Amino acid sequence: MIRNKEEIAKMRKAGKVVAEIIEKTRAAVRPGITTLDLDAVARQVIHERSARSNFLNYHGFPATICTSPNDMIVHGIPSSGCVLSEGDIISIDCGAIIEGYHGDAAYTVGVGEISKAAQRLIEVTEASLWAGIEVMREGNRLHEIGREVQKVAEAAGYSVVRKYVGHAIGTAMHEEPQVPNYWPGTPGPKLKVGNVYALEPMVNVGTPDTIELDDGWSVMTADGQLSAHFEHSIAITEDGPEVLTRP
Ligand code: MG
Ligand code: MG
């Protein structure tokens, strides 16, 4: 899908709201806070900016953000019973709609002091996202993005989740085509100015295998090791990639 300048301008506005959710939830993360408290922070930003939530009620999802601690990869449901502790890591996935256009982003952060191993996982996962963003340029192929993500993650000894991937984004949060975070064996379509994608590597310390919990949402690493998740919504412009959700 090619988005025109007016559409990109609306997505920029949605991205700004998402960036504010990132900043405010990040500032709120500390030992003792619950993931439901973090959801309230995001809900308040959406309310103040007269945005709508693209997560709430998405296929029945009951909250404004996804909160996935430690060995949970994605799609965790905020809960008053999930209290963050010193040394945890927490992945927060968030989004917003402005004037019918969507933004979507995610990040992982440590709670208080975390281990060097956990810090390294977070840093490598974020670096893998930016390596992918760097090749989001007109004329490159869609699957080159994931190839770059995979290179960074695997060079650090980690694995990239295969089952959950990025996506085009616009008037719906999840549009076709998908954006794998690995080389799927074919180059994929050429990238064009006006394409907007949410790139979202999920990087595991151990194997890429996943397990879905009985709540129908929470996705865990199969081996119980840590996972991190970073995401931005990015427009391909004449001047290169524009990260719409950047705080
Ligand atoms: Mg997301
Ligand atoms: Mg996404």
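User: What relative accessible area does Glu175 have, and is this residue buried or exposed?

Analyst: Burial is read from relative accessible area: under 20% is buried, over 50% is exposed, and values in between are partly exposed (1.4 Å probe, protein chains only). In this predicted model, Glu175 has a relative accessible area of 11% and is therefore buried. The residue is located in strand β7; strands (E, at least two residues) and helices (H or I, at least four) are DSSP runs numbered from the N terminus.

User: Which residues does Glu175 touch, and which backbone nitrogen lies 2.9 Å from a polar atom of its side chain?

Analyst: Contact means heavy atoms within 4.5 Å. Leaving aside residues up to four places away in sequence, Glu175 touches Arg3, His167, Ala168, Ile169 and Gly170. The backbone nitrogen at 2.9 Å from a polar atom of the Glu175 side chain belongs to Thr171. Strand β7, which spans residues 175–179, also holds Pro177. The peptide bond from Glu176 to Pro177 is cis, with omega near 0 degrees.

User: Which protein donors does the magnesium ion (ligand 2) have, and which residue coordinates both ions?

Analyst: The protein donors of ligand 2 are Asp104 (OD), His167 (NE2), Glu200 (OE) and Glu231 (OE), lying 2.1 to 2.3 Å from the ion. Their spacing along the chain is D-x62-H-x32-E-x30-E. His167 is found in strand β6 (residues 166–168) and Glu200 in the loop between β8 (196–199) and β9 (202–204), so the two residues tie together parts that are 33 residues apart in sequence. His167 and Glu200 are both buried. Asp104 coordinates both magnesium ions, which are 3.1 Å apart.

User: With which side chain does that of His229 make a polar contact?

Analyst: A polar contact is a pair of N or O atoms within 3.5 Å; within protein, one must be able to donate a hydrogen and the other to accept it, and residues adjacent in sequence count only if both atoms are side-chain atoms. The partner of His229 is the side chain of Glu200, at 2.9 Å. His229 lies in strand β12 and, at 1% relative accessibility, counts as buried. The residues touched by His229, beyond those up to four places away in sequence, include Asp93, Tyr107, Thr125, Glu200 and Met202.

User: Where do Asn57 and His59 lie, and what phi values do they have?

Analyst: Asn57 is placed in the loop between α2 and β1 (65–69), and His59 lies in the loop between α2 and β1. Phi of Asn57 is near 75 degrees, a positive value in a residue other than glycine. His59, not a glycine either, has a positive phi of about 50 degrees. Asn57 is exposed, with a relative accessible area of 59%; His59 is exposed at 68%.

User: Against which elements do the buried residues of α4 pack, and which residue follows this helix?

Analyst: In α4 (residues 142–155), the buried residues include Leu142, Ile145, Val149 and Ala153. The buried residues of this helix pack against α3 (116–134), β5 (159–160), β7, β8 and β9. Gly157 follows α4 and has a positive phi, near 90 degrees.

Notes:
Residues are numbered from 1 along each chain as its sequence is written. Chains are lettered from A and ligands numbered from 1 in the order in which they are written. This is a predicted model: local features need pLDDT of at least 70, side-chain atom pairs count only at pLDDT 80 or more; totals for chains, interfaces and linings use all residues. Side-chain values use heavy atoms; hydrogens and water are left out. Donors are N, O and S atoms within 2.8 Å of the metal (3.2 Å for Na, K and Ca); water is not among the atoms, so sites may look incomplete.
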